[in-house]
Amino acid sequence: MKNNLKIERAIKDLTQGELAGLVNVSRQTINAIETNKYVPSTILALKIARICEKTVEDLFILEETD
């Protein structure tokens, strides 16, 4: 699953650590999501989308291979 999290986080001027604090996960979790090493739970994806003021579909792109 691809994602636009790094771009949207930059637009909001948030560091990985700041976003992590807002959604109660570690900075390493945000990094793993951004580098496609971890797919977030539905609840985490919804929390991130709310903070970024985007839909989940705007942030996370389902690929044919998923």
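The buried residues of helix H4 (42-52) are covered by a set of elements that includes H1, H2, H3, helix H5 (56-59) and strand E2 (60-61), where helices (H or I, at least four residues) and strands (E, at least two) are DSSP runs numbered from the N terminus, and contact means heavy atoms within 4.5 Å. This is a predicted model, in which local features need pLDDT of at least 70 and side-chain atom pairs count only at pLDDT 80 or more, while totals for chains, interfaces and linings use all residues. Residues are numbered from 1 along each chain as its sequence is written, and side-chain values use heavy atoms, with hydrogens and water left out.

Leu 44, Ala 45, Ile 48, Ala 49 and Cys 52 are the buried residues in question (buried is under 20% relative accessible area, exposed over 50%, partly exposed in between; 1.4 Å probe, protein chains only). They line one face of H4, because their directions down the axis fall within an arc of 135° (taken from the helix axis to the C-beta atoms). Thr 42, Ile 43 and Arg 50 sit on the other side of H4, exposed.

H2 tells a similar story. Here Gln 16, Leu 19, Ala 20 and Val 23 are buried. Their arc around the axis is only 100°, so they end up on the same side of H2. What they pack against is helix H1 (5-11), H3 and H4.

Now for the H2-H3 pair: helix H2 (residues 16-23) packs against H3 at an angle of about 110°, the axes being 8 Å apart (lines fitted to C-alpha atoms over the stretch in contact, with angles from 0 to 180 degrees between N-to-C directions). That makes the two helices roughly perpendicular, a label for angles of 65 to 115 degrees. From H2, Gln 16, Gly 17, Leu 19, Ala 20 and Val 23 meet Arg 27, Ile 30, Asn 31 and Glu 34 of H3. The residues of this contact split into four nonpolar, three polar and two charged (Ala, Val, Leu, Ile, Met, Phe, Trp, Tyr, Cys and Pro being nonpolar, Asp, Glu, Lys and Arg charged, and the others, Gly among them, polar).

Glu 34 belongs to helix H3 (residues 27-34) and counts as buried because its relative accessibility is 13%. Its side chain makes a polar contact of 2.5 Å with the side chain of Arg 9, and another of 2.8 Å joins the side chains of Glu 34 and Gln 16 (N or O atoms within 3.5 Å, where within protein one must be able to donate a hydrogen and the other to accept it, and residues adjacent in sequence count only if both atoms are side-chain atoms).

Notes. Angles under 35 degrees count as roughly parallel, over 145 as roughly antiparallel, 65 to 115 as roughly perpendicular and the rest as oblique.
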